[in-house]
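Please work through the exercises below with the sequence and the structure at hand. Each task is followed by a solution in steps.

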Amino acid sequence: MLALLPFVVLAGQGQARSILNTAEASWQFRGQQGWTRSNTVAIDVQAQPLAIRTFTTATGEAAGRQVAFTAPRCAASAAPASGAAGPAQGLVRTVIETRQVSAGHEVLFELTAEAANLRSDAIDSLIAVIRASSGDREEIEIFETAPDSGVFVGSIPTRHMPPQPVAGDCMLSLSDGNRVDIAVQQQGSPTVIASTGVDVLADPFGLVFDSETGEPVSGARVTLVDAITGQPARVFAEDGRTAWPSSLISGQPITDGAGVVYPMAPGEYWFPLTALGTYRLQVEPPAPYSAPSAAAQTALERLTRPDGMGFA
């Protein structure tokens, strides 16, 4: 009788670097027992390369994919990040991939790292250090999506500045134009195994008003223009993905590229998100107004708001 018995050895800790295959044969012939072993054949297994992607939560009617993951744990305390109820809380988010985020929205990232899958029968964890150019620094523990998956998901909520950032409060404080850098490390090691970054989009918002009375003025056409090219700027809705008109009428409802309508208060205009850059506002006032305002400087100093434009 002949039997081929493969012996498979997984070389390397936590993942298959190579497969060592040795065959054995045993037999009986005329009452005699025979046995032999073949030479060992090594088959190298190419591990998937490290990959890290960044996401933001989908809003409105934006299409996205669902991600299920364990809530990250705030490294500065026992509390979970992302507003979860407990450190082992399971979360589900509908997300879209992006390299640009906006303050006030959750930042999510997904890391594929087979080398970090140290235990095939348990969920492993890593440390993510998140820094913003605002000066904020947060550290969270992120978890594998399932035992032996080699995929880790982290997230952190963000807020607008002010107030000033507080390092270690597991809330990332951001200003328009900031840069967010994410570095992932093994537990107990300062060595970074993967890193990435996202930009924080600007949020131009304002009010058109009468420079003499301070009353809001509706009906003015306001266009956001790229100061370098002279062309209308590329503007996005709050999800950083859906198209938004670069030219608006103050006080009138705004319809984004997905057909969602946003009501505006009298005199208001809003360009939710645009990339960091240099822009100017081109304004066509309604009759009987003219621009720029010819009102006395003292009057303008009293009435002009940091986010507004006054007409005479």
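The exercises that follow concern a predicted model.

**Exercise 1. The disulfide**

Task: Determine which cysteines the disulfide joins, and state whether it is right-handed or left-handed.

Solution: 
- Step 1. The count of disulfides is 1.
- Step 2. The bond joins Cys-74 to Cys-170, with an S to S distance of 1.7 Å; the cut-off for a disulfide is 2.5 Å between the sulfur atoms.
- Step 3. The torsion about the S-S bond of Cys-74 and Cys-170 is about 95°, and the disulfide is therefore right-handed.
- Step 4. Cys-74 belongs to strand S7 (residues 73–74), whereas Cys-170 is in the loop between strand S14 (158–160) and strand S15 (172–174), so the pair ties together parts 96 residues apart in sequence.
- Step 5. Buried means a relative accessible area under 20%. Cys-74, at 3%, is buried, and Cys-170, at 8%, is buried.

**Exercise 2. The aromatic pair**

Task: Classify the arrangement of the rings of Tyr-262 and Trp-270.

Solution: 
- Step 1. The model has 4 aromatic pairs.
- Step 2. In the pair of Tyr-262 and Trp-270, the ring centres are 6.0 Å apart and the planes stand at 80°, so the pair is edge-to-face. The cut-off for this class is over 60 degrees.
- Step 3. Both Tyr-262 and Trp-270 are buried.
- Step 4. Together with Trp-244, Tyr-262 and Trp-270 form one aromatic cluster.

**Exercise 3. The largest cavity**

Task: Describe the lining of the largest cavity by strand and by class.

Solution: 
- Step 1. There is 1 cavity of 30 Å³ or more, and the largest cavity holds about 40 Å³ of space.
- Step 2. Among the lining residues are Phe-55, Arg-65, Val-95, Phe-109, Glu-110 and Gly-154.
- Step 3. Strands S6 (65–70), S10 (107–112) and S13 (151–156) each supply at least two lining residues; S10 gives the largest share, 3 residues.
- Step 4. By class, the lining has 6 nonpolar, 1 polar and 2 charged residues.

Methods:
Residues numbered from 1 in each chain as written. Predicted model: local features only at pLDDT ≥ 70, side-chain atom pairs only at ≥ 80, totals over all residues. Heavy atoms only, no water. 1 Å grid on protein atoms, 1.4 Å probe; cavity = no way out; pocket = protein on both sides within 12 Å on 5 of 7 lines; lining within 4 Å. Points joined across faces, edges and corners; volume = space filled by probe spheres on them. Helix = DSSP H or I, 4+ residues; strand = E, 2+ residues; numbered from the N terminus. Nonpolar A, V, L, I, M, F, W, Y, C, P; charged D, E, K, R; others polar. Phe/Tyr/Trp six-rings, centres within 6.5 Å; stacked < 30°, edge-to-face > 60°. Buried < 20%, exposed > 50% of the residue type's maximum accessible area, 1.4 Å probe, protein only.
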